[in-house]
Amino acid sequence: MESSVESSQAQLAARMLEALEIDSAEDFFAAKELLELAVAAMPIDGRLPTDAPALAGFRLAQAMLFQLRGARPGLGDDGVLWRGRPSFLTPERFAALEREFATGQARAVHDRWGQHLAKGGPVVEALLHDPELVELVSTHVGPLSPQRQASCIYYDSEGAHIRPHIDTDRFCINANLLVSHEGERRSSLVVYPLAGEPRLIALEPGELVLFHADCVVHARTPLGPEERVWALSLGYQPEGEFHR
Ligand SMILES: [Fe+2]
């Protein structure tokens, strides 16, 4: 039953994208921004909408976002490419990263929904360009453009979260590394597969998940009292696609 609903959604999404006649970066990002609005109406607690029309709207937007990048290598229904403890992140390097996060916190600026962002220092910059990490990413998605960007993310207060969204074009492929998670664990990274229930990705500090972040909906659910999460987001772009 679900597979026939899923396939009719996929067909509808394909027809709607065809009608948009996307043949330039301008058209591509106009469509992406429109679809992001449908995703922004999702509940923030990692669940699907209970209201049937809201769910149907979300599923259609999800399918269209997915199909916008449908030609990309390795794009599975939950967008996850790899998860694990990267060998290049030695204990010494991880400790240096934790220290850099701690000192960078004073410079972090409030972004939205209780989330603070800072640029990294030399440890973050070295990770962003680490040949083994770049190799890991390109092994999964093919050659990359020279564009890459790092963001240090601090969730430091009860209720801080990031609602269901897709990433900006700087983070098409997101290597998301959990740096620290303190307090009782209530908050989690969540990915929303095209069908079925959202999946929690409960990383341990030092663990990294690599995923297609600009076309697969994901979120961080709200923190509980006394909870604190620090994460490093490293963004890459496959070559040969529309980018801005
Ligand atoms: Fe994101």
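Predicted model: local features only at pLDDT ≥ 70, side-chain atom pairs only at ≥ 80, totals over all residues.

1. Residues are numbered from 1 along each chain as its sequence is written, and side-chain values use heavy atoms, with hydrogens and water left out. Helices (H or I, at least four residues) and strands (E, at least two) are DSSP runs, numbered from the N terminus.

2. The metal site first. The iron ion is coordinated by H165 (NE2), D167 (OD) and H218 (NE2), at 2.0 to 2.1 Å. Donors here are N, O and S atoms within 2.8 Å of the metal (3.2 Å for Na, K and Ca); water is not among the atoms, so sites may look incomplete. Along the chain, the spacing of the donors reads H-x1-D-x50-H. The pair of histidines links distant parts of the chain: H165 belongs to strand β5 (residues 162–165) and H218 to strand β10 (residues 218–220), 53 residues apart.

3. The two histidines also meet in the sheet. H165 has H218 in β10 as its bridge partner, and β5 and β10 pair in the antiparallel sense over two bridges (two strands pair if DSSP finds at least two bridges between them). H165 counts as buried because its relative accessibility is 13%, and H218 is likewise buried, at 4%. The cut-offs are under 20% relative accessible area for buried, over 50% for exposed and partly exposed in between, with a 1.4 Å probe and protein chains only.

4. The surrounding sheet is open, with four strands in the order β5-β10-β7-β8 and antiparallel pairing. Its edge strands are β5 and β8 (199–201), each of which pairs on one side only. From one strand to the next, the twist averages 20°; axes are lines fitted to C-alpha atoms, for helices over the stretch in contact, and angles run from 0 to 180 degrees between N-to-C directions.

5. Two backbone angles deserve a look. Most residues other than glycine have a negative phi. W113 has a positive phi of about 50°, and E226 has one near 65°. E226 is exposed, with a relative accessible area of 73%, while W113 is partly exposed, at 31%.

6. W113 has a clear setting. It lies in the turn of a hairpin formed by β2 and β3, with two residues between the strands. The strands span 109–112 for β2 and 115–118 for β3, and they pair in the antiparallel sense over three bridges. V109 has L117 in β3 as its bridge partner. L117 also stands opposite I153 in β4, and β3 pairs with strand β4 (residues 144–155) in the antiparallel sense over four bridges.

7. Finally, please look at D130, in the loop between α5 (122–128) and α6 (131–141). D130 is buried, at 8% relative accessibility. A polar atom of its side chain lies 2.8 Å from the backbone nitrogen of E132. Leaving aside neighbours within four places in sequence, D130 is in contact (heavy atoms within 4.5 Å) with F88 and R93.

Note on methods
Polar contact = N/O pair within 3.5 Å; in protein donor to acceptor, adjacent residues only side chain to side chain.
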